[in-house]
Amino acid sequence: MDEKIVLKGITDIGIKIKYEDLDKLEYPKNELIYLIVEYENFDYEFLLRDLDESDKLTVLGSGAFNKEKGYDRTGPWFNRWSWTFDDSTLYYHDPTLYLADDIYGPWGLGTPETWYLEKISIITAKIAEVMGVRNNDILFYGSSAGGFTSLMLSIMVKDSVCLAEVPQFDITSWGSFWRPLKNASFDMDDKEFVEKYGNRVSVMKLIQQKEYIPNAYVMMDCSAEYDFTRQYLPFFKRLNNFKYDIKGNSMKLIIFGKNMGHSALPKDVVLSMIRYVRLNEFYINNPQVNPKMYQQDPSRLVQVCDEYRRKINQLNRENVDKSFEISSLESMLQDNGQEMTCATDEEIPSVLMDKKIQDKNKLISYLNDMVTSFKEEFKRKDAEIDDLTTQLDRLKEDSLSKEKQLNELLKKKDEKIRQLNERLDNQ
């Protein structure tokens, strides 16, 4: 930890580390850390808060900022850094902002040589791995330009989840923001740029390149007419004809009308939406759980399942620890069973320094009792795990019939929609 690396007004805990050394990364838990990762001789800046009680990670990107207010371009810009989230958080700064003073919406574009957003995706995936977070527990969130980068990152970090608020899908049509951005580093016209770097500025082009649809929740404001006509409708018309295997993913639309056009939602609404996405993903990944049991209090479901997971993980960790102790004690018995010699106090474990143990036979008998005790405890823990697993299986069995009923209802609904469409076509 380098005490000289600080962000005034945000945090005085700073770490600079090379990408290849991230496996050795050490930092205080539950604290906001300013993290600089050197990757391919370039510094990428992050804010990290790793919560002790969380196995999920929310990754946040910044949208375009107000031209009049601006920000201090001598340092990084992290939007929403002061918010309190339920999960661990990682904020990424877009170094594209350093390229020119008239860039207000960076979109991770980078330079001809380096696509900054692609490098951020690689570093983010590695940080999550170091934290012990699985890809399907990573959630990318952002609004506007941050929504665009969140979508792009969720394509590059496969199996992750995305919550994109009023995002762009193609930034080349984003008026006055796009022109200075391209001109900062790319000396070419738009047509040439799109031919060479289209996957950096178009969600659809990156989907086609990766042949992968992100697992995304897209929030749209129905009063933002420009967004609908220039961004959403063209994108989803093309997505409807997407020919690649979607790997079971989908892009889910959440349409709301706050009649404020293209602007971000308040903090409490955003936090609620993130909880909604987390809960919905839990249902999708755990179809054995019957959500109707928790309709009145969905937060209770999250709590129950988190308790199950924490308990099972703790039991597994305890069993691993016990197995090492058993192996160690059995090794001692094997090594010393034939010839037990007198040892100094430093060599005798404190648990064995009972004055009643005077000779080899009593010592071996005592060790054997310890091994037996550990094995019995091991069996008890296994029984607890089996019991928890049985409870989860029972939930799955209870929900199978309701799941079948739901599928039948969906089939009937699809058939009715098809019939209605046919009638409309015939009129």
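Ser 144 sits in the loop between S6 and helix H2 (145-156); helices (H or I, at least four residues) and strands (E, at least two) are DSSP runs, numbered from the N terminus. This is a predicted model, in which local features need pLDDT of at least 70 and side-chain atom pairs count only at pLDDT 80 or more, while totals for chains, interfaces and linings use all residues. Residues are numbered from 1 along each chain as its sequence is written, and side-chain values use heavy atoms, with hydrogens and water left out.

Ser 144 has a relative accessible area of 13% and is therefore buried; buried means under 20% relative accessible area, exposed over 50%, and partly exposed in between (1.4 Å probe, protein chains only). Leaving aside residues up to four places away in sequence, Ser 144 touches Glu 165, Val 166, Pro 167, Gln 168 and His 262, where contact means heavy atoms within 4.5 Å. Gly 63 is 81 residues from Ser 144 along the chain, yet their C-alpha atoms are separated by 5.4 Å.

Asp 268, found in helix H7 (residues 267-285), counts as exposed because its relative accessibility is 52%. Between Asp 268 and Trp 83 there are 9.9 Å in space, C-alpha to C-alpha, and 185 residues in sequence.

The sheet comes next. Nine strands form an open sheet with mixed pairing, in the order S1-S2-S3-S5-S4-S6-S7-S8-S9; two strands pair if DSSP finds at least two bridges between them. Strand S1 (14-18) and strand S9 (251-256) are the edge strands, each pairing on one side only. On average, neighbouring strands of this sheet are turned by 20 degrees against each other, direction ignored.

| Strands | Sense | Bridges |
|---|---|---|
| S1 and S2 | parallel | five bridges |
| S2 and S3 | antiparallel | eight bridges |
| S4 and S5 | parallel | four bridges |

Single residues show how these pairings line up. Val 59 has Leu 90 in S5 as its bridge partner, and Lys 16 has Ile 36 in S2. Leu 35 stands opposite Phe 46 in S3. The hairpin of S2 and S3 has two residues between the strands, and Glu 40 there takes a positive phi near 50 degrees.

In a regular strand the side chains alternate between the two faces of the sheet. In S2, Leu 32, Tyr 34, Ile 36 and Glu 38 point one way, Ile 33, Leu 35, Val 37 and Tyr 39 point the other way, and all are buried.

Helix H4 (residues 190-201) has 12 residues, but its end C-alpha atoms are only 11 Å apart, short of the 16 Å that a straight helix would reach at 1.5 Å a residue. The expected span is 1.5 Å times one less than the number of residues. Buried residues of H4 include Phe 193, Tyr 197 and Val 201.

For the chain as a whole, the secondary structure comes to nine helices and nine strands. Of its 427 residues, 45% count as buried. Among contacts with a separation of 6 or more, 65% come from residues 24 or more positions apart.

Note on methods: Axes are lines fitted to C-alpha atoms, for helices over the stretch in contact, and angles run from 0 to 180 degrees between N-to-C directions.
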